Amino acid sequence: MSTCKDHITFWNGEKMPIVGLGTWLSSKEEIQTAVNAALEAGYRHIDTAYLYSNEDAIGEVLQQWIKSGKVKREELFIVTKLPMIGNRSENVERFLRKSLQNLRLDYIDLYLIHAPIGLTAKHDDDLFPMNADGFVVLDNDTDLVDLWKAMEKQVDAGLAKSIGLSNFNEEQIERIVKTARIKPANLQVELHAEFQQKSLRDFCHKHGITIVAYAPLGSPGRNAFYTSLGMAVPGLPDLIQNPVVVKIAEKYKKSTAQVLLRYLMQLGLAVIPKSVTPARIHANFQVFDFDLTATDMTELGELDQGEKGRTFDLSTTLKGAEKHPENPFRGH
């Protein structure tokens, strides 16, 4: 299934550029260099989150580009997320308005619930609240259906054009879809050649929910990040050096990263590779000038490791998160 489209379309008609810049916790200088490089390269889809503490740095760059006339606000597609410390209905609007203020925007194109697990914080900057023993402080009363009703109100108020989910499992999505007045437009989850989530993809397709793949290259830079926070480092796949990917890349005179991104795009997914290196950011956008064959797609499909390929598990990075009743990876 090949597609040359440069966007995916939500059920409400909104269009999301199929390649976006993924961002994470980086220095202000790094993140601003990255966003400037992305916009220069042609990206219009920028992914961030309150949790990443980089919205203000991104907002400065967006404001410069809009004020200078180099880009119009309506040409941009900005995604941000409700933090886990905000996972109560009474907190949604406050955190969304904080994100809008940081980003210097009047509305968000897509607002996501970052994860279904609620945390209890002392203040709005206590992003990973821990107790004295190093366990994350859980809010065990997280009510996802009630939380979604508050998300819908942000669309009603014009603060978000579309709303969606991140790191939710099928059962949790089903619960929301059954009661939703405004159904989720998008699900953002870990998805790459070794963790292809076919069941979840089929489920979302059935419900008209589009998917954004985070860590589409296997997130090779994550080891250093986790180590810096003193968190456990999961085993990460080396997709960039995988012989099957290398062989296909050589055939098209493309990089292995470009092949991995193109594969997911041809599955109908949007991708948000993370990088702060301008050359890599530019290269990750050069994925619209070739098509993988059916044989290529089959070979890349066979790299799937199923659940063994999952590398993002909240309970391995947040000690004690596995005890939350809404832990999305329970039983995996």
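Here is a walk through this structure, from its sheet to its core and its aromatic rings. The model is predicted, so local features need pLDDT of at least 70 and side-chain atom pairs count only at pLDDT 80 or more, while totals for chains, interfaces and linings use all residues. Residues are numbered from 1 along each chain as its sequence is written, and side-chain values use heavy atoms, with hydrogens and water left out.

Let's start with the sheet. It is open, with 8 parallel strands in the order 3-4-5-6-7-8-9-10. Strands here are DSSP E runs of at least two residues and helices are H or I runs of at least four, numbered from the N terminus; two strands pair if DSSP finds at least two bridges between them. Strand 3 and strand 10 (270-271) sit at the edges with a single partner strand each, so one side of each has no neighbour in the sheet. Strand 8 (residues 186-190) and strand 9 (residues 210-214) run parallel and share 5 bridges; Leu-187 has Ile-211 as its bridge partner in strand 9. Helix 4 (residues 144-156) packs on the sheet, touching strand 5 (77-82), strand 6 (108-113) and strand 7 (160-166), where contact means heavy atoms within 4.5 Å.

Now for the core. A nonpolar core is a set of buried Ala, Val, Leu, Ile, Met, Phe, Trp, Tyr and Cys residues joined through side-chain atoms within 4.5 Å, and buried means under 20% relative accessible area (exposed is over 50%, partly exposed in between; 1.4 Å probe, protein chains only). The largest one has 107 residues, and Leu-187 turns up again among those with the most contacts inside it, along with Met-16, Tyr-111 and Ile-173. Leaving aside residues up to four places away in sequence, Met-16 touches a list of residues including Phe-10, Phe-77, Leu-110, Val-212 and Ala-270.

On to the rings. Rings of Phe, Tyr and Trp (its six-membered ring) pair if their centres lie within 6.5 Å; planes under 30 degrees apart are stacked, over 60 edge-to-face, and the rest tilted. That gives 7 aromatic pairs. Trp-24 and Phe-312 make a tilted one, 6.2 Å centre to centre with 50° between the planes. Trp-24 is in the loop between strand 3 (21-22) and helix 1 (28-41), and Phe-312 in the loop between helix 11 (294-301) and helix 12 (314-317), so the pair ties together parts 288 residues apart in sequence.

Terms used:
Axes fitted to C-alpha atoms, helices over the stretch in contact; angles between N-to-C directions.
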